[in-house]
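Colleague: I would like a close look at one part of this model, the aromatic side chains. Please take the rings one after another and keep to the geometry.

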Amino acid sequence: ADEADMWCSRPEHPFPADVVAAWGEQPDVAAYLLTDGDIPVGYGEVWSDDEEDEAELARLIVAPAARGRGVGRALTAALVARAGHDDVFMRVRPDNAAALATYRRAGFTDVAADLQAEWNAPQPRPYAWLQHTGA
């Protein structure tokens, strides 16, 4: 349950598989599965906002057995490349130190504190907001 909450802000666990399947069916959301041969090792989404000429990476997760091998950084880089926008953002739970370290190694930096406060105002919880420019 804790990992599900860290991953997709859903405190209930387990939740139905059709919930995850429906995410990729939303407009402006592209869902990606990273595999090692036939084995799924990562999942992530690109939320595109063409009007703002930016994208947000969301719901990234790496299979526990694949962690610590650079899979998260590779998944992040692949999603940034797929985003197709110069400005790519992410929001991460501030207590998710492993994810924050991975994204920073993949070229993300902290968004200015005043913007983070503004963007967190309507959120159900505060996030650390990161930005990758020049994708």
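How many aromatic pairs does the count come to?

Modeller: The model is predicted, and the count comes to 2 aromatic pairs. One of them joins Phe 89 and Trp 119: the ring centres are 5.3 Å apart and the planes stand at 90°, over the 60 degrees required, so this pair is edge-to-face.

Phe 89 has a relative accessibility of 10%, and because buried means under 20%, Phe 89 counts as buried. Trp 119, with a relative accessible area of 24%, is partly exposed.

Trp 119 also pairs with Trp 129. Here the centres lie 5.2 Å apart and the planes are at 70°, so this pair is edge-to-face as well. Trp 129 sits in strand S6 (residues 128–133), while Trp 119 is in helix H5; the two are 10 residues apart, and this pair too links distant parts of the chain. Trp 129 counts as buried, at 5% relative accessibility.

Taken together, Phe 89, Trp 119 and Trp 129 form one aromatic cluster. Trp 119 takes part in both contacts, with Phe 89 and with Trp 129.

Notes: Residues numbered from 1 in each chain as written. Predicted model: local features only at pLDDT ≥ 70, side-chain atom pairs only at ≥ 80, totals over all residues. Heavy atoms only, no water. Phe/Tyr/Trp six-rings, centres within 6.5 Å; stacked < 30°, edge-to-face > 60°. Buried < 20%, exposed > 50% of the residue type's maximum accessible area, 1.4 Å probe, protein only. Helix = DSSP H or I, 4+ residues; strand = E, 2+ residues; numbered from the N terminus.
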